[in-house]
Amino acid sequence: MKGDNCPICALEDRTRKLENFIKDAVKIYGDTYSFEKSVYKTDKSKIIVTHKVLGDLETRPASFLNGIEPMKASVYRRRKNLEEKLIKEYKEKWGDNFSL
């Protein structure tokens, strides 16, 4: 088979897989994450993704592309969504007569 035991072919294959991973991740998460520190080995090996607010987080590519963010990012997103919802409700009820 082409590339069997060839370190150059293996590197090219991992590079291609990383490029595809990044392309798919950007479709899902937009610019929330960057991938400069990501080193792709397999879809189940942990990699580093950099959240634009939280910094470096570990995840598995397969999980990440299935919408499962690292725990810290998931908690952050839920908390932010709750804060935005509460602010909207407060503004509807009291207008601009409140402060955080």
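**Exercise 1.** Which residues make up the largest nonpolar core?

*Solution.* First, some ground rules: this is a predicted model, where local features need pLDDT of at least 70, side-chain atom pairs count only at pLDDT 80 or more, and totals for chains, interfaces and linings use all residues. Residues are numbered from 1 along each chain as its sequence is written, and side-chain values use heavy atoms, with hydrogens and water left out.

A nonpolar core here is a set of buried Ala, Val, Leu, Ile, Met, Phe, Trp, Tyr and Cys residues joined through side-chain atoms within 4.5 Å. Buried means under 20% relative accessible area (1.4 Å probe, protein chains only). The largest such core has 12 residues: Leu18, Phe21, Ala25, Tyr29, Tyr33, Phe35, Tyr40, Ile47, Val49, Leu57, Phe64 and Ala73.

**Exercise 2.** Work out how the strands are arranged.

*Solution.* Start with the pattern along the chain, α-β-β-β-α-α. Helices (H or I, at least four residues) and strands (E, at least two) are DSSP runs, numbered from the N terminus. Next, the three strands form an open antiparallel sheet in the order E1-E2-E3; two strands pair if DSSP finds at least two bridges between them. E1 (33-34) and E3 (55-59) sit at the edges with a single partner strand each, so one side of each lacks a neighbour in the sheet. Finally, zoom in on E2 and E3: five bridges join them, and Ile48 has Glu58 in E3 as its bridge partner.

Technical notes
Buried < 20%, exposed > 50% of the residue type's maximum accessible area, 1.4 Å probe, protein only.
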